[in-house]
Amino acid sequence: MAASLPDLLVTAEAGRTRPPRTRAAAGWIRALRLWLPAGFLILMLGACFVWPNVYPVPNPVRGSVLYAGLSPLSPGHIFGTDPVGNDVFSRILYGGQVSFEVGAAVTAIGLAVGGLLGICAGYWGGAVDAIISRVLDVLIAFPALVLALAIAEGLGPSEVHVIWALSVFSIPATGRIARSATLELREQTFMLAARLSGTRGWRVLVRHVIPNIVPQLMTFSLLGFGVVIILEGALSYLGLGIPLPEASWGSMIAQGQQSLTASPDLVLIPSAFLFATVVSLNLLGDALRERWAV
Amino acid sequence: MSESLLEVKDLKVTFTGGGRKLRAVDGVSYCAYPGQTLAIVGESGSGKTVSCRAIMGLLPPTAAITGSARFAGIQLIGLTDDQLRRHRGADVAMVFQDPTRSLNPTMRIGPQIAEAVRTHRPVGKPQAREEAVDLLRLVRIPLPERRFMEYPHQLSGGMRQRVMIAIALAGRPRLLIADEATTALDVTTQAQIMELLLELQSDLGMALLLISHDLALAASYADEVIVMYAGKIVEHAPAPRLFSRVRMPYTQALLEAIPRLERPAHSLLPVIGGRPPDLSALPAGCSFAPRCRRAADDCLAAEPPLTEHEPGHRWACWHPVEGGAEGGAA
Amino acid sequence: MAVAEHTATDHSGSGARSDLTRRILGSSTLRLAGRRLLAAIPVLWGVTFLTYVVMDLLPGDTAQILLGANATPAEIHQLSVELHLNEPFWVRYGNWLGGMFHGSLGQSLTNQENVTTILGARLPITAELLVYAFVVSLVLAVGFAVLAARWPNGIMDRISLAISMTGLSIAPYVLALVLIYLFAVKIQWFPAIGYTSPSVNLVENIKSLTLPAASLGVPLFAVYTRLLRADIVEQMQREDYIVTARAKGVRPWRILLRHALPNSLFGLITLVGLNLGTLIGATAIIEPIFSIPGAGDILVQSINDHDVPVVEGIVVVFAVVVVAANLLADILYAALDPRIRYGRVAS
């Protein structure tokens, strides 16, 4: 559009067919879009990590068969019990711990390793880029699920093994994003200015590249966090993730599958929490992306 | 004097966003006649482009437009997009600044012109193709049949702009708005395009509206010149009069800032001090006063109205420049 | 700068007719494809090699696993020799690689069937499932994205965004179970498990694949719609050629479909290539749920059995498909963008 139109107006309002009724309403809606999912996540984190340590919750693995198969809203068991007698509610909480731990670890590894590789590939280009890109390509073409299954199958299922297995998936994904973001950045004039002014390679990376791609990486990682949680669920669902009797949303779903027709809530409850958590992560990622205009 | 083709009265455009109200165009009135070249000159942010896009309805939905813009008697302000669409291209056409970005990169130029032909007239494809080739010939592109099938990136900047003109002319408009049409071109090409525009205008009897920040360009090619600042018209006169008897200090400053060969080498270019005004927080009084050499107390207190102080010459200033040939025609 | 105009005139002398010849002989697209193909080969090799390494590193004696816990050491040893299991890694890998170049993928360790036969029976089923899921989700995505982009922030837009967000956030296996519960148990429209071959009954075939395809396709649809809608809206709001089209008086639908949409496909094409790997991987979970006898179905089982040839066979095919799809995406990208096809001219 013409140079005379202030860009801020075009970006802020572009796309609205009808301007919001009041400026205040628009502000509220925007804030809600960020804080509603963020609030839910904080709630979940608190429930999963803080609550069991502060307030007594039935043991997730030592339920008594006497109480097996209770339906939700039974006294003492809000979500009922599973076929072995464990309290579903506490299994949800402990399962949530696993999901968040795995998600955080895998995302962190992806950012650290993949992000670094991607930045190096994008910044230095040439042979470095060629090598790193080929490696990333192989990892992406490689059915990570096979690797994950193989690791779990071979080394025995455990939370740590799940983290390793899923990192193989997260590193190339983050690497690609970091690389293309760095490439885009490199073309910009201020980068040229930095190089011309004699700033050395590492300093340019740290002071110019990283701060500018952090927003993009962060929003991508939030989406990735959700994907990792789903994948951890998949592995546990297949029996190759967190081993029973420990709680994991995925294994709970697998267990519940057997009585799907009779008592669907054993599938629906962990599914609902899984869904709500991932949706919140996605919504939060979107809201941040909008805020930071990535 | 023939009937005015475009009559703009008290046009105002306001943008609201981020809690601020921005008055991009603040009461603009003028007339354009068939066969006449009217130049609207101003710096970035003066409102020259916004006012013309408002007439064509090409502004984002967040723009609030009031006032009147009559084309051949038809009121354009307030029409729905659907109604305005009938006028766009057929009555009023526009040529834009950056031909590289203004053409669809994945579509061949021929079909882009043919599309303009078929939009307003029920013409079959083969005939539209013929007309498009004719238009390419009209804008003096060599080997038009071959060029028809080329993509925009295969043409040079000057040729792309000719294609844009061809597109604009496809609907046989009576008013052509050239929005900084030559700004992105080098000087030689600029002259060629301007010559082409003027020739087409006289051949087709169109009214031509030239929008530019280049006062020298306006001087060379326009019949009448309007100078805009901060959304308002500050001076409006026939071109020769404006340049021989400039009144508004802003216009004078613009004229003085044009580099000229007659000046001694290495002399400082007299630029206008200060910064363009913040359109959401305009000062009371004359908008140019903060940067004006001749500003006095009454300039800061009250806004001077645009008045026709001399026949055919309007200006808005409490202390206009006196005297004769200051600035001189370019 | 005036020289540029002349250069342009000279260079673009060749018109539409010699275009075709120029294209075939020295087309940059062909060269691009060639280069990508060359680059793809080490990637393919890398994948097969990595898989072999991983499978080899799995602890546990393959022969023992195959024979079960009651096997005697003598039986185990005999089977190891029979299956060449105790030869060094490089010999085994070399044999396998050599076999592949001769068109043989070896034999399953569990039942001695030719891997090629096994894949031949199972791959078409997985392929049908994937194509079903992919095509339907793509078509629906384009439809929704176009409707959403026509009236940004309108009703259609909000609905499609909500559906996208939901589809993105749901796990395929969860969706599968929910779909089974709703459509196979409660309202019995589709079978919960089982597969009918198209040669037996086409309608039943489609029905048996619908729920699995939906489980795979909904997340796909969500991602595609989101991206395409965002790209179209961005074109419509930020690009100058759209303003030109409006100034010409072109109708809004035509601007959307003829101008904005073709220029918005690039991101989608790249995404499809990238997503294919995940999609294929998901079949390993979805097929067993619905008892679809495809390639994904035996993948998990084969890994458990340490049945290396079968695993390798599947991995190779999947890797080839992924690499080929990405290659195709690159070519398509270049084919659609005339700037890449014809190269740039002065100025």
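Predicted model: local features only at pLDDT ≥ 70, side-chain atom pairs only at ≥ 80, totals over all residues.
Colleague: What makes β1 and β2 of chain B a pair?

Modeller: Pairing needs at least two bridges between the strands. Strand β1 (residues 6-17) of chain B is joined to β2(B) by 10 bridges, so the two count as paired, and they run antiparallel. Within β2(B), Asp26(B) is the bridge partner of Lys12(B).

Colleague: What is the order of the strands in the open sheet of chain B?

Modeller: The order of its four strands is β2-β1-β4-β5 (chain B), and the pairing is antiparallel.

Colleague: Why are β2 and β5 of chain B said to stand at the edges?

Modeller: β2 (20-32) and β5 (74-75) of chain B have a single partner strand each, so one side of each lacks a neighbour in the sheet.

Colleague: What secondary structure does chain C have?

Modeller: Chain C has 15 helices and zero strands. Of its 347 residues, 38% are buried, which requires 20 or more other C-beta atoms within 10 Å of a residue's own.

Colleague: How many residues does each chain bring to the contact between chain C and chain A?

Modeller: Chain C brings 44 residues and chain A brings 38 residues. Elements giving two or more residues to the chain C side include α3 (28-57), α10 (202-238) and α12 (252-290) of chain C. α3(C) supplies the largest share, nine residues.

Colleague: How do you know which residue classes make up the side of chain C that touches chain A?

Modeller: Asp, Glu, Lys and Arg count as charged, and that side has no charged residues. It divides into 35 nonpolar and nine polar residues.

How values were computed:
Residues numbered from 1 in each chain as written. Chains lettered and ligands numbered in written order. Contact = placed C-beta atoms within 7 Å. Buried ≥ 20, exposed ≤ 12 C-beta atoms within 10 Å, placed from the backbone.
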